[in-house]
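This report describes selected features of one protein model.

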Amino acid sequence: MITDMELWGEIRRRVLTGEISQRAARTEYDIHWDTLQKILTYSEPPGYRLTKPRPSKLAPFLPIIHEILQSDRNVHRKQRHTGKRIFERLRDEHGYSGGITIVQEAIRDWKAQSREVFLPLRHPPGEAQVDFGFADVWLDGTLTKVALFVMTLPYSDAIFIQAFPRECTESFLEGHKRAFEFLDGVPQRISYDNSKIAVASLVGNRERKVTTEFLRLKSHFLFDDHFCLVRRPNEKGHVERLLDYARSNFLVPVPRVASLEALNQQLVQCCRHDLQRQLRGQTSPKHSLLAEEQRQFLRPLPQQMFEACRLGQAHADSLSLVRFDTNSYSVPTKYAHRQITIVATIAEVRLVFEETLIARHQRDWGREQTRFNPIHYLSLLEWKPGGFDHARPLEDWDLPVCLGILRRRLEAELQSAGTREFIKVLRLLERHPLPTLKRAVEHALAIDATRASAIRLILEYQQESPLTLFSLEGRPHLKLVQVAQTDVSAYQSLLIGG
């Protein structure tokens with residue numbers, strides 16, 4: 001069979017143009033009559049054509065292969081059959097005598113036919129999608145896994161991404177708040193998966209009972225929600241694609257930052273820079289499409305500020321500690337054994353008793369950690385001064401040098417009562433900041449007035465506002481007021497009994 005296209009074309013040209021006859025072509029090129037007819041019929045070699053299906057040794061075993069592959073969907077992916085293992089089972093258990101290659105081809109065909117096909121979706125302006133992902137960053141020298149909150153607007157392809165210590169309610173709420181501020185508006189509808197942060201329980205295919213925190217978010221920003229079907233993330237495929245894009249372009253190489261705040265500032269700049277891109281098939285860059293959405297389809301931001309926080313309740317234990325998110329935070333000892341309201345944000349944990357703020361701590365994102373405020377335990381130590389040097393809340397308290405000098409003087413003067421007197425001085429920190437107390441103690445040491453009562457007076461004196469002279473500038477009517485000089489001789493009669 002001739003497959004050389006140049007020779008094929010030469011024979012066709014010479015015979016069909018009448019240069020030579022068909023008999024002469026057969027003799028000159030030494031080809032069969034049937035081959036010549038094919039050359040004259042087809043403008044190029046048609047290739048080998050199977051006239052009837054070739055019998056396959058694998059055909060009787062295809063149902064077995066399909067059954068194995070179908071059952072594999074219900075087991076862990078690392079325990080699924082490979083092509084080699086299916087071949088071995090067919091050979092050993094069912095008497096298959098063919099090769100492994102045709103088995104692997106049958107597996108590929110079945111998987112290709114079984115893959116789901118998705119419908120391209122239309123994305124109207126004013127709609128958003130939200131998702132969480134994860135990435136590694138070098139955070140203050142330590143390789144740390146962080147959660148990535150992502151919101152996208154499919155119509156304009158705008159993306160907003162922020163990194164948080166963990167995927168939790170506070171991150172979810174704070175991410176929305178920052179995204180709305182970045183977009184300068186609120187989408188009309190936002191699509192989500194079925195995360196427990198937002199969904200308390202499923203009711204049918206589409207209905208959801210959402211969490212209290214999510215209801216508070218919706219009530220403040222007035223957007224509508226849409227939840228994907230379970231295990232159908234393709235309904236928000238836009239945000240998943242852009243999350244992969246952002247991770248590959250904004251976080252490669254792995255960033256080295258001192259804090260998440262610094263990383264998030266970088267990510268905001270990356271999002272702004274990404275708005276300059278123009279997508280395939282679009283007539284204008286992304287920032288122009290976003291401006292169109294902002295003008296016509298995004299709701300304005302509410303005037304009232306939204307606090308992205310999670311509320312909780314817990315009892316303070318006998319150590320004046322309140323447990324939240326596996327960590328413990330101290331409160332003043334007088335609130336031990338009381339019911340405490342917890343207000344947790346990304347940055348801090350506030351502890352409230354009967355609408356009164358009693359403690360504030362920096363949020364700890366570790367596990368099973370304890371955060372003490374030494375001032376919370378001073379009132380207890382005043383009654384138990386013997387525990388001052390062994391109190392755990394005070395072990396890492398870095399006090400100014402002048403306070404150490406004051407303690408030594410008080411203990412030298414008052415012996416055992418000196419420690420209690422020193423604690424009374426420290427209790428002034430309940431109402432005054434440490435730098436202010438430091439200045440007062442330095443002054444007290446200079447004038448040798450070391451008692452707590454004296455230092456309290458010094459503090460009050462230092463915080464008094466100095467008297468200022470009343471100026472008559474700009475008040476010409478006051479210049480006309482005449483005040484007569486007082487005659488004090490009238491009081492002299494009181495001294496002589498007059």
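Helices, here DSSP runs of H or I with at least four residues, are numbered from the N terminus. In this predicted model, Leu 472 belongs to the loop between helix 16 (452–463) and helix 17 (492–495). Because its relative accessibility is 37%, Leu 472 counts as partly exposed. Together with Leu 478, Val 481 and Val 483, Leu 472 forms a nonpolar patch on the surface, and the accessible area of the four residues is about 360 Å².

The largest nonpolar core has 54 residues, of which Met 151, Phe 172, Phe 214 and Phe 223 touch the most other members. Among the elements that each supply at least two residues of this core are strand 1 (127–139), strand 3 (158–164), helix 7 (169–183) and helix 8 (212–221). Strand 2 gives the largest share, seven residues. Beyond its neighbours within four places in sequence, Phe 214 is in contact with residues including Phe 172, Phe 223 and Phe 227. A second, separate core comprises 24 residues, among them Val 425, Ala 440, Ala 444 and Leu 445.

| Group in helix 4 | Residues |
|---|---|
| Buried | Ile 65, Ile 68, Leu 69, Asp 72 |
| Exposed, on the face turned away from the buried side | Pro 63, Glu 67 |

Viewed down the axis of helix 4, the buried residues fall within an arc of 95°, so they line one face of the helix. These buried residues pack against helix 5 (83–94) and helix 6 (100–114).

Conventions. Residues numbered from 1 in each chain as written. Predicted model: local features only at pLDDT ≥ 70, side-chain atom pairs only at ≥ 80, totals over all residues. Heavy atoms only, no water. Patch = residues over 30% accessible without salt bridge, like charges linked within 9 Å, V, L, I, M, F, W, Y side chains within 5 Å. Areas by Shrake-Rupley, 256 points an atom, 1.4 Å probe, with all protein chains shown as cover. Salt bridge = Lys/Arg side-chain N within 4 Å of Asp/Glu carboxyl O. Buried < 20%, exposed > 50% of the residue type's maximum accessible area, 1.4 Å probe, protein only. Core = buried A, V, L, I, M, F, W, Y, C linked by side-chain atoms within 4.5 Å. Contact = heavy atoms within 4.5 Å. Arc of directions from axis to C-beta.
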